[in-house]
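Open the model in a viewer and keep the selection panel at hand. The stops below say what to select next and what is there.

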Amino acid sequence: MAAHTLNIYMLSLGRMHCHIYGRNVHKALNRATYATALSTNNSSPNKGFPDRGSRGPIIRRPRREEGEPRKDRMPVDQDWTAVYPTAAPFRPGSVPLPVRMGFPVKRGVPPEKKGNLELIKIPNFLHLTPTAIKKHCEAMKLFCTEWPSALDTNVKCDEHFPIKIECKDYVSAGTSIRNPSARIVNLRVKLSSLNLDDHAGKKMVKLLGERYCKETDIITIITDSCPVRQQNYDYAMYLLTVLYHESWKTEAWESEKTVADMEEYSWEDSPSQKNALSTLVRMQIAGEVEGDAVRDKLLGRPEVQEYRESVIRLMNEGESESSILQYREAVKKLLKL
Amino acid sequence: MAPTAVSNKLKATHRKQFQELQEAGEKGERERTMTLHRLFPLRLRQTIAQVRLLHGSGCGHQLEEVAMEPELRKETSVFRTQVNDPACQSERHLGQYYTLPTSHLHTIFPHGLPARYQQQVKTFNEGCVMVRQPALELISYLKAADYSKPAVRYLLYGLKGSGKTMSLCHTIHYCSTQGWLVLHIPDAHLWVKNCKELLPSSYHTSRFDQPIEASNWLRNFRTTNERFLSKIKLRQRYTWTKRESTEKGSPLGELVDMGVSRVKSSSDVVGAVLKELRLQAAETEESEGFRLAVAIDGVNSLWGRTTIKKEDKSPVAPEELTLIHNLRKMIDNNWCGGAVIATLSQTGSLYSPSSAYLPKELLGEEGFDSMDPFIPVPVSNYSEKEFESCYLYYLDRHWLQHPHSKTDEGKKEIIFLSNRNPSVLERLCAFL
């Protein structure tokens, strides 16, 4: 107890001293004051292994020396498909490339491939080199028939076979060969290849909604509601047939189509036409009788036609500096009559 | 040695001017060049320049430039013009500032100028407007138009802060100096939002009145068009209440005064005023007619949405407001003898994206159909020359205090930061 207190007193004295002499002194003093007495010398014969006491040492098979890695014994013209015949994880000894992967430490480089978990984690396609795929094709040729020689260009294919069906098959290593994603059927057809007139075409586009792409003019129908691929294919063909026939029919309520429903802007019977006509009429000398003849005569004038073009462009294409300038020129010509 | 030799060459009458030049020269070289250009006509300037070259003074490259390309120098460094009448301005004056006479400032623009510009006028003690291409174009159209035909609608559009309102004010100045009657609505957006008092209209049951805005506007209208108020006589009798009415044949001033004093019926007074002016503008000059200029800033608010709500919290459509309803009637081109000049404005507008500036975007379908056919006039950011002018003007007014802003590098920085947009430039220079 007394020694303890003496120790503490020495501590504090040491600390007081360190304030006078500096930090190094503190460290030295620290070591001196805090020295503990337990020694760690163990009497275990096995290096690094824990002490098993009376049970005796663990008997392990002696480790054999590892041979030369395969990459050092690879000739340049070897058959790569023999090295990676199937999908396999990355083996640093089998791949003769000096690949590095990983985050570099400060002022360092990415770690090398030996023992690199990052390279093992990622998927690799070393089993799918062009040579390997050629071999696959050669093997599959036994099960295929000849491509018809008449269909040598894409255009001819589109002409004779406008509908294109796409299905996916899935293979995976596992107990079951089934994959529910294999039931999805993707049907693509160009709208222009269908026999539709003006009204039918517009109605078809409205019915399709998002399934129609305006830029490429392709209808895409994707069906996945049935469990079997055959059923989905039948359903997709049925949808196409129904759409086609429905768009040819004209219902009674279609006559209520408003200006807001129109796909494109038409100048005839638009407020713009009325405005232009009324302005022109007012600008004429007040003696002229208003009637259909006058109206047609006014409409036939080149300025009015130019004005009509510019308004249609403005409405359909949207606004831009050039379209507004065109509109301006047209209006200037119209009003300076 | 050089100054005395030069003064010997010049006539004695120019001596006083030359002393001014010397004083200006003491202030700085740029001041000297500017005063040089202002005081001496071109021919004399060439003489002075050549004389100076002969005597080999230290002005160096600037005067050499003057001698060789006097035209170019004149355009880039002279930013003021003495031609203060908009009717006489032409392409020669593009990029130059002209001064608005103070009397005009108070009468023509009691409420028309943008707020920041009004502050600038107060600071600089003068109102200077730059002559720019859109305004000149509009004025040329107004000069060339035939006023027996229906009113032509012009629409100023452009990016935010590019100078639409200022171009409008320039055009209004022209119309005023030509003796037109100017109906200036400074910001139509103010009529569709933040309305403190909304009264149901007595004239039409489904409409709403805005007495405060209407009476404010009438007051400003009175200030602007004093001389017309006694000349124009009413064509119709207007009854306000059982006891009050304005007789046919009484002057317009009486109607306006009544509107200002009787705030409750001021919106209807505005409607009556607009109707009268529309009917009477059609007359020719001989029979005491006048030309009518309807200038509306922020015309896209007439067809947009409002933030005013009725008592049952349902929104009020613009056409249910008397003021807006009457204003829409003015925009129709079924009257002759004037012009409608409008500006699009996104800044005060409601429910429109801040990047919108093209006519159809801001006007909407309805607005476009109402204004159609109109002449759109684009207003863009400052060109190189206009920017130079503005920069020199600020330097002249000692607005740019920061020493770095006077260097070439500082100028390049200012161009980069503001992208030559007038309002951004103005705000930026306020900090310097």
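Helices here are DSSP runs of H or I with at least four residues, numbered from the N terminus. The model is a predicted one.

**Stop 1: helix 7 of chain A**

Select residues 198-208 of chain A, which form helix 7. Asp198(A) and Lys202(A) both sit in this helix, four residues apart, about one turn. Their side chains form a salt bridge, with the closest N and O atoms 3.9 Å apart. The cut-off for such a pair is 4 Å. Asp198(A) is exposed at a relative accessible area of 58%, while Lys202(A) is partly exposed at 36%.

**Stop 2: chain A as a whole**

Of its 337 residues, 22% are buried. The chain exposes about 26200 Å², and carbon and sulfur atoms supply 58% of that area. Among contacts between residues at least 6 apart in sequence, 52% join residues at least 24 apart.

Then select Arg107(A), in the loop between helix 3 (80-83) and helix 4 (117-121) of chain A. Most residues other than glycine have a negative phi. Arg107(A) is also exposed, with a relative accessible area of 89%.

**Stop 3: the interface of chains A and B**

Bring chain B back and select the residues in contact across the two chains: 21 in chain A and 23 in chain B. The area buried between the chains is about 2100 Å², of which carbon and sulfur atoms give 59%.

How many salt bridges does the rule find across this interface? It finds one, between Arg328(A) and Glu137(B), with the closest N and O atoms 2.4 Å apart. The rule also finds seven residue pairs in polar contact across the interface, both residues at pLDDT 80 or more.

To see what chain A brings to the contact, colour helix 9 (271-283), helix 11 (302-317) and helix 12 (321-335), each of which supplies at least two residues. Helix 12 gives the largest share, eight residues. By class, the side of chain A that touches chain B has 11 nonpolar, four polar and six charged residues.

**Stop 4: salt bridges within chain B**

Over all chains, a search of the whole structure finds 31 salt bridges. Select Arg328(B) and Glu319(B), which form one of them at 2.8 Å between the closest N and O atoms. Arg328(B) is buried, at 18% relative accessible area, whereas Glu319(B) is partly exposed at 36%.

Next take Arg420(B) and Glu384(B), whose side chains meet in a salt bridge at 3.2 Å, N to O. This pair links distant parts of the chain, 36 residues apart: Arg420(B) is in the loop between helix 18 and helix 19 (422-431), and Glu384(B) is in helix 17. Arg420(B) is partly exposed at 21%, and Glu384(B) is exposed at 56%. Then select Arg80(B), Glu126(B), Asp396(B) and Arg397(B), which salt bridges with shared partners join into one network.

**Stop 5: two loops of chain B**

Thr407(B) lies in the loop between helix 17 (384-396) and helix 18 (408-418). A polar atom of its side chain is 2.6 Å from the backbone oxygen of His404(B). The backbone nitrogen of Gly410(B) lies 3.1 Å from a polar side-chain atom of Thr407(B).

Finish at Lys313(B), in the loop between strand 9 (292-297) and helix 15 (322-331). Its phi is positive, near 65°, and Lys313(B) counts as exposed at 64% relative accessibility.

Note on methods
Residues are numbered from 1 along each chain as its sequence is written. Chains are lettered from A and ligands numbered from 1 in the order in which they are written. This is a predicted model: local features need pLDDT of at least 70, side-chain atom pairs count only at pLDDT 80 or more; totals for chains, interfaces and linings use all residues. Side-chain values use heavy atoms; hydrogens and water are left out. Contact means heavy atoms within 4.5 Å. Buried area is the accessible area (1.4 Å probe) that two parts lose on being put together, summed over both. A polar contact is a pair of N or O atoms within 3.5 Å; within protein, one must be able to donate a hydrogen and the other to accept it, and residues adjacent in sequence count only if both atoms are side-chain atoms. Ala, Val, Leu, Ile, Met, Phe, Trp, Tyr, Cys and Pro count as nonpolar, Asp, Glu, Lys and Arg as charged, and the others, Gly among them, as polar. Buried means under 20% relative accessible area, exposed over 50%, partly exposed in between (1.4 Å probe, protein chains only). Accessible areas come from the Shrake-Rupley method with a 1.4 Å probe; for residues, only the protein chains shown count as cover.
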